[in-house]
Amino acid sequence: MKEATGNRPLPAWLDLPEPRGFRPKRKYRTVWISDIHLGTRGCNAELLLDFLRAIECDTLYLVGDIVDGWRLSKGWYWPDAHNEVVRRILKLAHRGTRVVFIAGNHDEMLRPYAGMSFGGVEIALNAVHTTADGRRLLITHGDEFDSVVLYARWLAFLGDQAYTLLLRSNVVLNRIRRRLGLPYWSLSSYLKKRVKNAVQFIGAFEEAVAHAARDRQVDGVVCGHIHSAEIRQIGDITYHNDGDWVESCTALVEDHNGAIAILDWAEEHRRAANRDAAAARSASKEKEPA
Ligand SMILES: [Mn+2]
């Protein structure tokens, strides 16, 4: 399947110029990115484009909040760089990368299209990924756990039925808010403004996600939503969060042996810039007469 799509000629509108100067692509088995928030000023599209130009992968998971429909419904903000992000992703799909788009809360307008595929991009509510070393990971955006965290204390006494009910009520609550023209109510962003509780919130969120993963009988989970990249073991579940492209500019990557790591692209970019500056300095020194 990969060969078949890879050999098709590229349509002109996807024929994007490659960056000048040879830069070997980093090859990964899987890449996870989320919380890009295209359509907002906060989106760091330039750095994301640099990342997308630098990588190749078999599978790309877009783990939700890729396009910010909540914000776009209030006023249109869509610079060229945001268009190019979309085109880069479609180009990867065209070249044979399997692209799976897990809808988040800010792009929930895509949720009714789960199971369908557009331009080689599969839309899904969540997914199960099998790593090269055979571990099964639940892939989910994570917004449904906002409400679980809120009621975490008494939920512990009520058990799984109440838990499922609560997940549904969050979806319904926000559907109503949307009809009323109110923004998505997110516990994570609410608590972020109250830093003292943020650490506690992140811990509770991670626990709630791990709980859901245990129910699904998988080995781990990959999510986004709280804009905080992390890999940590919670009991028998490995919790992964791919961070975001608003503040931290991070991705999760799986190599061909199944090892998963956080890639901090802002840091990589700083390091590359320092290297270039050092090379330029030493080059100009050599030119100086002795
Ligand atoms: Mn989100």
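Me: What share of the contacts in the chain with a separation of 6 or more comes from residues 24 or more positions apart?
Reply: That share is 68%. A contact here means that the C-beta atoms of two residues, placed from the backbone, lie within 7 Å. The model is predicted: local features need pLDDT of at least 70, side-chain atom pairs count only at pLDDT 80 or more, and totals for chains, interfaces and linings use all residues. Residues are numbered from 1 along each chain as its sequence is written.

Me: What makes a residue count as buried, and how many of the 290 residues do?
Reply: A buried residue has 20 or more other C-beta atoms within 10 Å of its own, with C-beta atoms placed from the backbone. In this chain, 36% of the 290 residues count as buried.

Me: Why are β6 and β9 said to stand at the edges?
Reply: The open sheet has five strands in the order β6-β7-β8-β10-β9, with mixed pairing. β6 (127–130) and β9 (230–234) each have a single partner strand, so one side of each lacks a neighbour in the sheet. Strands are DSSP runs of E, at least two residues long, numbered from the N terminus.

Me: How do you know that β6 pairs with β7 and β9 with β10?
Reply: Pairing requires at least two bridges found by DSSP between two strands. β6 and β7 (residues 136–139) run antiparallel and are joined by four bridges, with R136 as the bridge partner of T130. β9 and β10 (residues 237–241) are also antiparallel, with five bridges; E230 has N241 as its bridge partner. Therefore each count meets the cut-off of at least two.

Technical notes
Buried ≥ 20, exposed ≤ 12 C-beta atoms within 10 Å, placed from the backbone.
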